[in-house]
Amino acid sequence: MRHAHTKQDEFVYILGGRPTLVTDAGETQLEPGMCAGFKAGTGDAHHLQNRSGSEVLYLEIGDRTPGNGATYPDDDLQAVLGTDGNWRYLHKDGTAY
């Protein structure tokens with residue numbers, strides 16, 4: 001699901017396969033050796049899709065930044081990282097699932 005983090009930067013490095021990166025700006029075909037970074041707080045939602053017939057292998061780097069959250073602009077969903085390190089998933093109006 002396309003998402004954007006509020007406080008956690010994210011980085012992906014493609015090891016194998018050819019995923020499609022989908023962001024607010026459009027789509028980009030990635031291949032092994034390519035990388036992409038997503039700055040927190042921009043609201044630019046992103047995700048990887050495997051539209052090929054082969055496996056995709058990638059390294060994703062981030063952390064569990066305290067107070068981080070994520071928005072999902074295409075879905076009625078938001079996520080908040082609790083002080084216990086667990087994610088809580090809510091509707092966009094703040095009610096729990």
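**View 1. The hairpin of β9 and β10 has 5 residues between its strands, and Gly 85 takes a positive phi near 85° there.** This is a predicted model, in which local features need pLDDT of at least 70 and side-chain atom pairs count only at pLDDT 80 or more, while totals for chains, interfaces and linings use all residues. Residues are numbered from 1 along each chain as its sequence is written, and side-chain values use heavy atoms, with hydrogens and water left out. Strands are DSSP runs (E, at least two residues) numbered from the N terminus, and two of them pair if DSSP finds at least two bridges between them. Strand β10 covers residues 87-90 and pairs with β9 in the antiparallel sense over 4 bridges. Tyr 89 of β10 is the bridge partner of Ala 79.

**View 2. Strand β9 also forms a hairpin with β8, with 4 residues between the two.** The pairing of β8 (residues 69-72) with β9 is antiparallel and runs over 4 bridges. Here Gly 69 stands opposite Val 80 of β9.

**View 3. The two faces of strand β9 (residues 77-81) are covered and uncovered.** Leu 77, Ala 79 and Leu 81 make up the covered face. Gln 78 and Val 80 make up the uncovered face. In a regular strand the side chains alternate between the two faces of the sheet.

**View 4. Three strands form an open sheet in the order β4-β3-β6, with antiparallel pairing.** The edge strands, each pairing on one side only, are β4 (26-29) and β6 (46-49). On average, neighbouring strands of this sheet are turned by 25° against each other, direction ignored. For such angles, axes are lines fitted to C-alpha atoms, and values run from 0 to 180 degrees between N-to-C directions. Strand β3 (residues 20-23) is joined to β4 by 4 bridges in the antiparallel sense. Leu 21 stands opposite Thr 28 of β4.

**View 5. His 46 lies in strand β6.** His 46 counts as buried because its relative accessibility is 5%, where buried means under 20% relative accessible area with a 1.4 Å probe and protein chains only. The side chains of His 46 and Glu 10 are joined by a polar contact of 2.9 Å. A polar contact is a pair of N or O atoms within 3.5 Å, one able to donate a hydrogen and the other to accept it; residues adjacent in sequence count only if both atoms are side-chain atoms. Neighbours within four places in sequence aside, His 46 is in contact (heavy atoms within 4.5 Å) with residues including Met 1, Arg 2, His 3, Leu 21, Val 22 and Phe 38.

Key: Buried means under 20% relative accessible area, exposed over 50%, partly exposed in between (1.4 Å probe, protein chains only).
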